[in-house]
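Trainee: Can we go through this one together? I'd like to hear what is behind each label you use.

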Amino acid sequence: MDKSKLGLIHIYTGDGKGKTTAALGLILRASGRGLNVVLGQFLKGRETGELHTLSLLPGVKVFRGKPLTKFSFQMNEQEKAEVLQGHNEFIKELASYCNNNDIDLLVLDEVIGACGTHLLDERLLIDFLKHKPAHLEVVMTGRNPSMELLDMADYVSEICKRKHPFDKGIPAREGIEK
Ligand code: ATP
Ligand code: MG
């Protein structure tokens with residue numbers, strides 16, 4: 001296929017369900033066309049269902065940050081500093097991997113949430129986006145992207161919550177939310 005048309009930047013944001021699953025759907029499509037894909041997951045706690053299936057897809061490689069045991073608002077300053085350092089190393093590792101390998105699609109799941117909670121230095125992400133390989137397509141997910149990230153994106157898709165069962169007390173279910 002003609003990979004010269006690749007290289008655009010996507011943001012999937014908003015307060016409704018479907019940001020990560022939209023990104024996973026794109027991975028499925030890209031893999032089906034023989035693209036080489038990297039998924040990097042930020043702000044991740046326990047393993048999610050997709051990790052079991054993604055490893056079966058041709059050309060897909062998954063990188064996970066160190067699993068978190070707390071939400072950012074529950075962390076003390078030292079814990080936040082450790083997570084920040086871990087995420088900063090993680091984005092550098094992903095950038096280096098994509099710069100040195102023939103990668104067509106990079107999905108940075110929850111990278112926007114990591115920036116918004118100051119658990120990732122957004123400058124590192126922006127520098128990477130500015131200097132990324134020209135034909136690397138990049139997808140970022142998470143709520144409340146900064147204006148600078150929005151300005152850099154070619155696609156901005158906002159998923160608006162009209163209803164979510166969490167609001168009537170139904171917690172995340174295996175196979176659907178995790
Ligand atoms: P999904 O992974 O299901 O596509 P998402 O990526 O859009 O969801 P996140 O903001 O990453 O959603 O939320 C993490 C978890 O919270 C997921 O399990 C998701 O299904 C769930 N979730 C998404 N939106 C809401 C909401 N408005 N209220 C409560 N839980 C939500
Ligand atoms: Mg998500």
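Trainee: Let's start with helix α5, then: which of its residues are buried?
Mentor: In α5, which spans residues 122-131, the buried ones are E122, L125, I126, F128 and L129. Buried means under 20% relative accessible area, exposed means over 50%, and partly exposed is what lies in between, with a 1.4 Å probe and protein chains only. Helices (H or I, at least four residues) and strands (E, at least two) are DSSP runs, numbered from the N terminus.

Trainee: Why do you say that the buried residues of α5 line one face?
Mentor: Looking down the axis of α5, they fall within an arc of 160°, so one face of the helix is lined by them. The arc is taken from the directions that run from the helix axis to the C-beta atoms. As background, an α-helix has 3.6 residues a turn, so residues three or four places apart point the same way. Over on the other side of α5, K130 and H131 are exposed.

Mentor: Before going on, a word on the ground rules. This is a predicted model, where local features need pLDDT of at least 70 and side-chain atom pairs count only at pLDDT 80 or more, while totals for chains, interfaces and linings use all residues. Residues are numbered from 1 along each chain as its sequence is written, chains are lettered from A and ligands numbered from 1 in the order written, and side-chain values use heavy atoms, leaving out hydrogens and water.

Trainee: What do the buried residues of α5 pack against?
Mentor: Quite a list: β1 (9-13), α3 (77-100), β4 (105-109), α4 (111-116), β5 (137-141) and α6 (147-152). Contact here means heavy atoms within 4.5 Å.

Trainee: What makes β4 "mostly covered"?
Mentor: Of its 5 residues, 5 are buried. L105, V107 and D109 are on one side, L106 and L108 on the other, and both faces are covered.

Trainee: How do you know that β4 pairs with β2 and β5?
Mentor: Two strands pair if DSSP finds at least two bridges between them. There are 5 bridges between β2 (residues 37-41) and β4, which run parallel, and 4 between β4 and β5, also parallel. L108 of β4 is the bridge partner of G40, and M140 is the partner of L108 in β5.

Trainee: Why is H87 called buried?
Mentor: H87, in helix α3, has 5% relative accessibility, so it counts as buried. A polar atom of its side chain lies 2.7 Å from the backbone oxygen of L119. Setting aside neighbours within four places in sequence, H87 is in contact with F42, L43, A114, L119 and L120.

Trainee: Why is L43 called partly exposed?
Mentor: L43 has 26% relative accessibility, so it counts as partly exposed. E110, with a relative accessible area of 22%, is partly exposed too.

Trainee: Which residues around ligand 1 come nearest?
Mentor: Of the 13 around ligand 1, they are D15, K17, K19, T20 and T21. To count as near, a residue needs one of its heavy atoms within 4 Å. A polar side-chain atom of K17 is 2.5 Å from an oxygen atom of the ligand. A polar backbone atom of K19 is 2.7 Å from a ligand oxygen, and an N or O atom in the side chain of T21 lies 2.7 Å from an oxygen of ligand 1.

Trainee: How much of ligand 1 does the protein cover?
Mentor: It covers 79% of the 570 Å² of accessible area that ligand 1 has on its own. Those areas come from the Shrake-Rupley method with a 1.4 Å probe; for residues, only the protein chains shown count as cover.

Key: Polar contact = N/O pair within 3.5 Å; in protein donor to acceptor, adjacent residues only side chain to side chain.
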